[in-house]
Amino acid sequence: MKKLFLIGKSLKHSISPFIHNRILSEFEIDAIYSNLELSDTEELKEFVEMVKKDKDVVGFNITIPYKEDILKFCDEVSEDVRIIKAANTVKKEDGKLLAYNTDWIGFKKSLEDRGVDVKDKKILVLGSGGAAKACIYGLYRMGAKEVFVANRTYEKAERLKEVLQDILKILPIEWLRRYEFKYDIIINTTSVGMFPNIENNPFDFEIYEQSPPVFVYDMIYNPLKTAFLKEAEKRGIKTENGLKMLVYQAVEAEKIWFGDIDIVSNLIAEILNQCERKVAQFE
Ligand SMILES: NC(=O)c1ccc[n+]([C@@H]2O[C@H](COP(=O)([O-])OP(=O)(O)OC[C@H]3O[C@@H](n4cnc5c(N)ncnc54)[C@H](OP(=O)(O)O)[C@@H]3O)[C@@H](O)[C@H]2O)c1
């Protein structure tokens, strides 16, 4: 039996094994996907050595905090990874490790499903971690011309300019308290509001009461409705959580590992539905 893994630090509530194993069973692929917690980069190194030796390992996904560290161990990176400088998917081919990023594709597809057009929109991204990089790259690929970024640590946001300098404007976080700015779309890529700290909200909608955004997106999917999304909904703003992105990035990873398998929209809808129920159980 072939093996696939998700590696990261806190994977207790991860629903990735459910998503991947459901796809594997649908296509009768003799493989199993499991979570593997790694406590530091030394364990990451040992994991990579194991992957290289074990002929049954096809590839793996990477989550917080190893999306950048993994690049040190990869033999080749895709064009997207070269720009984003973070990978969430690795495939083993002829003993070599090839790095990909499917997060940005998952993000882009989830926006397209909602019919959100980002061209000529004023977009604010909250946060500057790995998720922000995938988000900004996805926005760029969708044709966004101007993306404003605000992060608790200003210097980290400044570093995002290494990813896509042309479309980025970095704001000091205090500027979010200045009502004269107006954004059409606001995207939360911080972990603020994630389980168990579900009362926390990274954005104060009250300041923008006179000029609210038309659409807000939270990359968090646990809980399904964060405080950020609840506050937006109260004001009649359209919202989207990060669950679809999670499912779509997994679908893209499966295609990288097993060729262009035809994962139809009915299966995706069924997986989404079951994921929603699973996440609701944690809440
Ligand atoms: N839906 C999906 O498929 C998907 C994919 C990837 C990630 N995500 C979600 O996206 C979120 C971020 O992931 P990541 O990989 O970008 O993590 P990360 O690299 O650790 O970045 C975390 C970000 O959150 C900010 N932050 C953390 N705690 C904060 C606080 N108390 N106040 C203000 N800002 C705070 C950090 O600011 P500093 O720079 O100041 O530390 C940083 O910008 C997580 O909730 C993750 O689950 C979802």
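Author: Glu270 and Arg22 form a salt bridge, with the closest N and O atoms 2.8 Å apart. The term means a side-chain nitrogen of Lys or Arg within 4 Å of a carboxyl oxygen of Asp or Glu. This pair links distant parts of the chain: Glu270 sits in helix 10 (residues 265-282), Arg22 in helix 1 (residues 16-26), and 248 residues separate them. Helices (H or I, at least four residues) and strands (E, at least two) are DSSP runs, numbered from the N terminus. Glu270 is partly exposed, at 27% relative accessible area. Arg22 is buried, at 18%. Buried means under 20%, exposed over 50%, and partly exposed in between (1.4 Å probe, protein chains only).

The model is predicted: local features need pLDDT of at least 70, side-chain atom pairs count only at pLDDT 80 or more, and totals for chains, interfaces and linings use all residues. Residues are numbered from 1 along each chain as its sequence is written, and side-chain values use heavy atoms, without hydrogens and water.

In total, the structure holds 23 salt bridges. Another one joins Lys244 to Asp113, with the closest N and O atoms 2.9 Å apart. Here too, distant parts of the chain are linked: Lys244 belongs to helix 9 (residues 243-258), Asp113 to helix 4 (residues 103-113), 131 residues apart. Lys244 is partly exposed, at 21% relative accessibility. Asp113 is also partly exposed, at 41%.

Helix 9 has a pair within itself. Glu252 and Lys255 meet in a salt bridge (3.6 Å, N to O). They are three residues apart in the helix, so about one helical turn separates them. Glu252 is buried, at 13%, while Lys255 is partly exposed, at 24%. Elsewhere, salt bridges that share partners join Glu209, Glu231, Lys234 and Arg235 into one network.

Now to helix 8 (residues 227-234). Its buried residues are Ala227, Phe228, Leu229 and Ala232. What covers them includes strand 7 (123-126), strand 10 (185-188), strand 11 (215-218) and strand 12 (238-240). After helix 8 comes Gly236, with a positive phi near 75°.

Strand 11 deserves a look as well. From this strand, Phe215 and Tyr217 point one way, Val216 and Asp218 the other, and all are buried. In a regular strand the side chains alternate between the two faces of the sheet.

Methods. Contact = heavy atoms within 4.5 Å.
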